[in-house]
Amino acid sequence: MTEERTAPTVVESDVIVVGAGPGGSATAKWLADRGLNVSLLEKSAFPRDKVCGDGLTPRATKQLIRLGVDVSTDAGWVHNIGLRTYAGRTEPFEFLWPELASFPNYGLTRKRGDFDEMLARLAVKAGATLYEETNASEPILDAASDRIVGVRAKDGREFRAPIVVAADGNSSRIALAMGLEKNKLRPMGVAARAYFRSPSADSDFIESCLELWDGEPGASNLLPGYAWMFPLGDGLINVGLGTVNSTATSQKMNVRKQLQTWLHGSTPRQWGLSPENQVGEIGSAALPMSFNRKPAYTRGLVLVGDSAGMVSPFNGEGIPYAMEAAEMAADAIADAHGRGFGSRAAEKALTGYRSRLEAEWGGYYRLGQVFVALIERPEVMRLCTRYGLPRPTLMKFTMKLLAHLYDTTDGDWMDKTITAMTKVVPSA
């Protein structure tokens, strides 16, 4: 007697998006807006948490507004007016988010569990179909063309489409199975965070500390990176730190232990942190930077967000780039759909996504690689914190560069200088 096998469930769509983080959900939303049939796969069930600083600069705020998100305080968002930075002296430097044509002049904070689910539901409202608890374990390849034509879930279901978007994070199982390895010579960051109850929860600023000592403050080495405090407005703050190395092969630090060391010995007193006020455990995550996995399009596979290493090497920010790439990817995919998936014209549209990414961020990320290589040297970090902070003009220029907040046309001299710098260096 032979055992009967049930054929796997097959779901057909125009595009599959793997991963319902900010990049994946934004991609699904933009594609659905353009009339495509989208399957959005999420391995967990909402609500679910992610290790993140929970802080969004004006760059990310702009993308949420473009997506049609209500970013008002009535909708649960906490607004901030700038960045307050501590280093080298008692008084901090306050950097107000600049008045620019390209970006709003305020940032936002919101816990990632709530934020991610909100974006996923926004994609569903636009017409995408969300499949929660659907872990895409491997790509389905066409034997003749070697193109990806779908993904197989761990439970046996098959999702098929001519285009697959991998927005499945740093490890990106789908990209790896397609032969796309990470470039270990690109910068790699690592971050840890914890939640605290604090009187700073209602601050109008997000805050950072540039002095990360690997031992006793003032008597040890300064680490490349910074610590942060992001107010969440409900009595809670997100406190964490991130550090970076110029190559992924040099990641040796225990970042959770480093956060504990910093919390116990170096935190700004005004943040009001103490062990009894900690809420929950410390979490940590990797930060893939500077396009550390390429190409962003190949053989029917589009990479968005951390799967392509889109985190900024300057400040460890990834969400705005994931959401910006989402719209660029949707433009290219919708164009390819109109030209006819599989045609030469469609492939031209899809490879245009790669070129657009390079044009937008390639020079900026290359400058970031130089920046990381410099700040890895403790003597450079010491000079920066000691002599940079007291100089407001230099700090404003530096903050515009680090936050990637400048007008590329019709800006002030700082904007024009940074724009020129990004254009004269080769793309990352």
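Let me start with a term: two strands pair if DSSP finds at least two bridges between them. Helices (H or I, at least four residues) and strands (E, at least two) are themselves DSSP runs, numbered from the N terminus.

Thanks for coming, everyone. This is a predicted model, where local features need pLDDT of at least 70, side-chain atom pairs count only at pLDDT 80 or more, and totals for chains, interfaces and linings use all residues. Residues are numbered from 1 along each chain as its sequence is written, and side-chain values use heavy atoms, with hydrogens and water left out.

On confidence: pLDDT, the predictor's confidence in each residue from 0 to 100, averages 91 over the chain, and 93% of the residues score at least 70. Please be careful with residues 1–5, where pLDDT stays under 50 and the model has zero contacts beyond four places in sequence; contact means heavy atoms within 4.5 Å.

Now the overall picture. The chain has ten helices and 20 strands. Its radius of gyration is 22 Å, close to the 22 Å that the globule rule gives for 428 residues, so the chain is as compact as a globular protein of that length. That radius is taken over C-alpha atoms, and the rule is 2.2 Å times the number of residues to the power 0.38.

Next, two hairpins. Strand 10 (residues 136–141) and strand 11 (residues 148–153) pair in the antiparallel sense over five bridges, with Ile140 opposite Gly150. Six residues lie between these strands, and Asp146 in the turn has a positive phi of about 65 degrees. Strand 11 also forms a hairpin with strand 12, this time with four residues between them and a positive phi of about 100 degrees at Gly156. Here Val151 has Phe159 as its bridge partner.

What is the volume of the second largest pocket? About 580 Å³. Of its 25 lining residues, the closest to the centre are Arg59, Glu324, Glu360, Trp361 and Thr408. For the method: on a 1 Å grid over the protein atoms alone, a pocket is an open set of points where a 1.4 Å probe fits, with protein on both sides within 12 Å along at least five of seven lines; lining residues have an atom within 4 Å of a point. A volume is the space filled by probe spheres set on the points, which are joined across faces, edges and corners.

Helix 7 gives the largest share of that lining, seven residues. Helix 2, helix 6 and helix 10 are among those supplying at least two residues each.
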